[in-house]
Amino acid sequence: MKMIKLLWLSGITCNANTHSFLNYPFIEQFLNDFEFIYHPVLDSSYTLQEIVSNEIECDVLLIEGSISPEFQRADVSIEDIIRKYAPKVQKIVTVGTCATFGGIFSQSDYKDVTGLHFDKEQKNQKFENLFDKTISISGCPIHPEILVNTLYAIKGDIALRLDNFLRPKEFYAYTVHNGCVRNEYFEYKVDAHQFGELEGCMFYDHGCQAPFTHASCNKILWNEVNSKTRVGLPCFGCTEPTFPKANLFTTKKNMGVPENLPLGVGKRVYLTLAGITKAFKIPRLEKKLLDD
Amino acid sequence: MIKLIEKIEGEAKLNFSFKDEKIDFVTIEFMSTRNIENILKGKHALDALVINPRVCGICGHAHLIATVQALEDCYEDLKISNKAKIIRELTLNFELIQNHFKWFYLTLLPLFGHKQQVLKATYPSQLMAKAIALFGGQYPHTSYTIVGGVVCEPTEMDIIKLNHYIDETIRFFENNLVKTDSNSFLLSDKIDKFLEYEGDLITILQQIKEDDMLALGKSYDRFISFGENSYFKKAKSIKTKVNDSVSIEYVKESDIPSSFAKSVTFKENYYEVGPLARAMINKAALVKDSHRKYGDSIFSRILARVCETSQLLAHSKKLLERLDLSEPSYINPNVDISKINGSGTSAVEAARGSLIHKVELQNGIIQNYEIITPTQWNLSGGTKKKQGVSQKAMIGLSDTKTAELVFKTFDVCSVCTTH
């Protein structure tokens, strides 16, 4: 099979997607199947200087980091680099929440910082002609397996079903809540969560956004071992256009009801369910998990 | 002559001027900044725990630890369990270790004409990332340590798993970097004898010797370190003379006209930070012997970074023995952070050296935030009369390729510098 040529282009970024990618367990296999014409850390066929001053053949353009008309890489505007390579490549992948939605650095001092196609939820007109060839892998940072397997899907010509933000549904149709080991505390509304404990659900008081965040963090574990919510850290919704929201460790409530409810669950349904579950008393969930 | 230095977590421009075919002066320019300090203004204090790891994708965990300690410093009387302190120290160690492996196999090898060894970089660094994820849920970009402790409650099973990750990383080190058991390695105190071993580190060090590069990269021979924990000390070392009376109040940041990075000095002087500085302050025997013979050259700098990897692995094992799982992971602060008015400062040792955070809070809202990163120390740009540490290390070299090598022995992190 043909070696797929990748260009990894960095916008305004912290490089965490680059390093999260390096956590892919079968990286050697990956590097046998794909060639980086440029990567910000790995040896690549060309230097950045050569990439920006020539037109090198390339199949997939990977963009990490947010985009601003002011931002330059090797003295060339990031938008010009994108305009040069994007029409020629087969696919574009926005790698991470910054490249997809603007992310955290949309608050930086640069002018008009956005993702490639989205400014938070709003669709951008600027690169509209590239919309149909783009796949978004959101996340701050991306999960390495999700990026890598998407690239293999591109290589294998597999048609991916995408959501409205161009994210592959196979990874983003789930919520972070799916597979969380603290699920039962959520379901039965045992709302006494304390940090530093195996028990409890962070949704009720501590800002956890897992029930309304599209991602597979508890299905495809991080570093193959864990997830934030499993250890007791709230989900901050880092795959979503709204990341980062404010007051991330607190659940915003109106009259005692969380402002953001689980996806697809209306307030009335939520209150009815909460009423029923409150009637239960489940001793197993009231005590410490490992105690007698 | 301007040279674009690539693959340093971003890029920098070095502008060399030559006199008599030798580098006479060099300016260092970073071309961008994200101004994270501004992003933090007006935010809820705890949100800094989520924002600040995003300063850097390779050493963001150090920024997390620095953030939590700066916030805790705003309190007058905050209790943190020993257990939480140890866990924080462990995960920070793991991040340092993964950085050092990546630097050696991805950055350093190509500078000596070898191919990058991607798998040798990623295998141990993935193990260390797993070790962080055991406590933090994921790596990079966890925010698992919060004001009052850590959010996780590790079990005995987690510790068994963790020991496997550490042991496997130690084994990797022993099979690749220096082919001997870690105990004999850690006891080595004579550099000439040490070079009789085999391994990837030894290959590079021998190459430096054979290629007559032993004198390269010397700077002021002046070191400083502000982070304190069970392994690192707060002190400075002028040549080999260690003095522990250093205070952050004498650290000063100033603008560099040609660059987005800021210079940083201690009592108006530039200091080197990082593994060589820490080894000099800790009087690490092998590094000291190398320093005695070859000074603060690239030889000692490379040796120190790799030695620290092994030392931190061994120290982490010791720390784990002190971990008492029955202690609380988290102690609810007696005052809610939304009632806190005050300022806090922290210093931690990150992979590349001392990282300083300063925060001012009013009713738990961030009024001001300052970050001073390790690379700023080493890459501070001075004038011809008063050069920065890495500037001085490049003066007198005859070509820009060697200068790039010297520059990269400081393990430059562009994203941190342009926070």
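In which helix of chain A is A:Arg83 found? A:Arg83 sits in helix H4, residues 78-85; helices here are DSSP runs of H or I with at least four residues, strands are E runs of at least two, and both are numbered from the N terminus. This is a predicted model, where local features need pLDDT of at least 70, side-chain atom pairs count only at pLDDT 80 or more, and totals for chains, interfaces and linings use all residues. Residues are numbered from 1 along each chain as its sequence is written, while chains are lettered from A and ligands numbered from 1 in the order in which they are written.

Let's stay with A:Arg83 for a moment. A:Leu130 is 47 residues away in sequence, yet the C-alpha atoms are 9.6 Å apart.

Now over to chain B. Strands E9 (residues 251-255) and E10 of chain B pair in the antiparallel sense over five bridges, pairing requiring at least two DSSP bridges. A hairpin of six residues joins E9(B) to E10(B), and B:Glu253 stands opposite B:Val264.

Finally, the two chains meet: 51 residues of chain A are in contact with 54 of chain B, contact meaning C-beta atoms, placed from the backbone, within 7 Å. On chain A's side, H1(A) gives the largest share, four residues.
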